[in-house]
Amino acid sequence: MKKLPEPVKWLIILAALGAMGAMMWAVNDRASRVEMPAPDNSFGIYRTAGSSEP
């Protein structure tokens with residue numbers, strides 16, 4: 001990497017950041033379309049809005 005010119009180094013960095021951004025966008029897009037199941041209250045850990053218990 002020491003022998004590469006500065007503009008080439010920055011181009012590699014920008015390409016890597018762009019690829020990471022594209023992957024983040026793709027994962028977020030896919031996750032936003034997946035339907036989540038209802039919470040499982042088997043252990044009674046979820047409180048209702050009206051409960052005043054600690």
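Reader: Why is Arg33 called exposed?

Author: Arg33 has a relative accessible area of 57%. Exposed means over 50%, buried under 20%, and partly exposed in between (1.4 Å probe, protein chains only); therefore Arg33 counts as exposed. This is a predicted model, in which local features need pLDDT of at least 70 and side-chain atom pairs pLDDT 80 or more, while totals for chains, interfaces and linings use all residues. Residues are numbered from 1 along each chain as its sequence is written, and side-chain values use heavy atoms, without hydrogens and water.

Reader: What makes the contact of Arg33 and Asp29 a salt bridge?

Author: A salt bridge requires a side-chain nitrogen of Lys or Arg within 4 Å of a carboxyl oxygen of Asp or Glu. For Arg33 and Asp29 the N to O distance is 3.1 Å, so the pair meets the definition. Asp29 is partly exposed, at 29%.

Reader: How do you know that Lys9 and Glu6 form a salt bridge?

Author: Their closest N and O atoms are 3.7 Å apart, and the limit is 4 Å. Lys9 and Glu6 are separated by about one helical turn, because they are three residues apart in helix 1. The structure holds two salt bridges.

Reader: Why is Glu6 called partly exposed?

Author: The relative accessible area of Glu6 is 48%, which falls between the limits of 20% and 50%. Ile13, with 40%, is also partly exposed.

Reader: What makes residues 6-32 a helix?

Author: Helices are DSSP runs (H or I, at least four residues), numbered from the N terminus. Helix 1 covers residues 6-32 and includes Ile13.

Notes
Helix = DSSP H or I, 4+ residues; strand = E, 2+ residues; numbered from the N terminus.
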